[in-house]
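Subject: Structure for your files

Hello,

Here is the structure, with notes on its ligands below.

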Amino acid sequence: CFEYFNQTIQLETERTAKLHYHLKNAIILNELELYFQPIVDPNTTEINKAEALLRWHHDGQFISPDEFIPIAEKSGLIVEIGEWVRAEVVKMISAVQSLNKSICFSINVSTIEFCTNELQNRFLQSFEKVSQSSGLSDFPYHLVTLEITESLMMNQQQAVYDLLALLRKRGVNISIDDFGTGYSSLSYLVNFPVDQIKIDKAFIQQIETDERHKALIEAIVSMSNSLDLSLVAEGVETQEQLDFIKQLKIPAVQGYYYYKPMPTDEFLAIISQQE
Ligand code: C2E
Ligand code: CA
Ligand code: CA
Ligand code: CA
């Protein structure tokens, strides 16, 4: 048993080391790709938001972000990857504007990215530099949502707070991802510059099996209404889940029920057909 345990740990360690080694070159080798998952107004089925999600194709294989993001975070590579992601999103915003459409794009920002020096410059520059080269004169900050997690709010650094407040002043939306799964106190919602909450798919996907999850979601909805926060329900897959979301008047739905994450071309094709 111990022998088996040892072997498993060793295999994992080897895989992590191997992935870390290859991840270093993933950007240069063009192995990273950004997918986009539409976020839909359930009443009109109109797409007005989308989340950018990283994909890594390596050696003929697809490696899940749930596996490589933690490696990127531990090694600090996430800083460079995050910059690449923002640049890709700026290109997408520019492409959508040329179609005369307006979509707000969500970007996942790792708490680690907030721990780097000169973060403020990095963020503003990465939007403004790329936007100029993409032909956008004034960068439309209101078309960007940063998805942060509760762990960021817990680390209570004045610098983090200031940066979020600054970005928000420019028009960036701040969203709390995986809401309810962390350990944060609800008071962060009042004390932090926040616009939106994403109800985690773990809650949505359990409403059919456990009535208590419905109560929990109802409580989140009423709280966010009182605090004037906007809401997104994540991971909606079934009609029953959608019906419940609509009954609660949650205005935005992200999930396989409507769309899976998709490559740029596919996303732009769908958007261009939209009224
Ligand atoms: P997340 O931010 O919570 O993203 C939502 C995840 O739920 C995505 O997984 C998405 O594909 C998946 N999803 C959406 N709708 C459904 C549904 O109806 N059913 C199910 N079963 N899943 C659904 P994905 O793309 O595998 O990403 C996993 C995680 O990796 C993300 O979770 C996020 O934490 C991280 N990640 C992805 N891209 C980035 C990035 O650019 N930067 C950073 N820092 N993290 C990223
Ligand atoms: Ca997210
Ligand atoms: Ca989430
Ligand atoms: Ca997550």
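A residue counts as near a molecule if one of its heavy atoms lies within 4 Å of it. This is a predicted model, in which local features need pLDDT of at least 70 and side-chain atom pairs count only at pLDDT 80 or more, while totals for chains, interfaces and linings use all residues. Residues are numbered from 1 along each chain as its sequence is written, chains are lettered from A and ligands numbered from 1 in the order in which they are written, and side-chain values use heavy atoms, with hydrogens and water left out.

Ligand 1. There are 23 residues around ligand 1, and R55, D177, K201, E237 and Y256 come nearest.

The protein donors (N, O and S atoms within 3.2 Å for Ca) of the calcium ion (ligand 3) are D177 (OD), D178 (OD), E234 (OE) and E234 (OE), at 2.3 to 2.6 Å. D178 is in strand β6 and E234 in strand β8 (residues 230-234), so this pair ties together parts 56 residues apart in sequence; strands are DSSP runs (E, at least two residues), numbered from the N terminus. D177 coordinates both this ion and the calcium ion (ligand 2), which are 4.1 Å apart.

Regards

Note on methods. Donors = N, O, S within 2.8 Å, 3.2 Å for Na, K, Ca; no water. Helix = DSSP H or I, 4+ residues; strand = E, 2+ residues; numbered from the N terminus.
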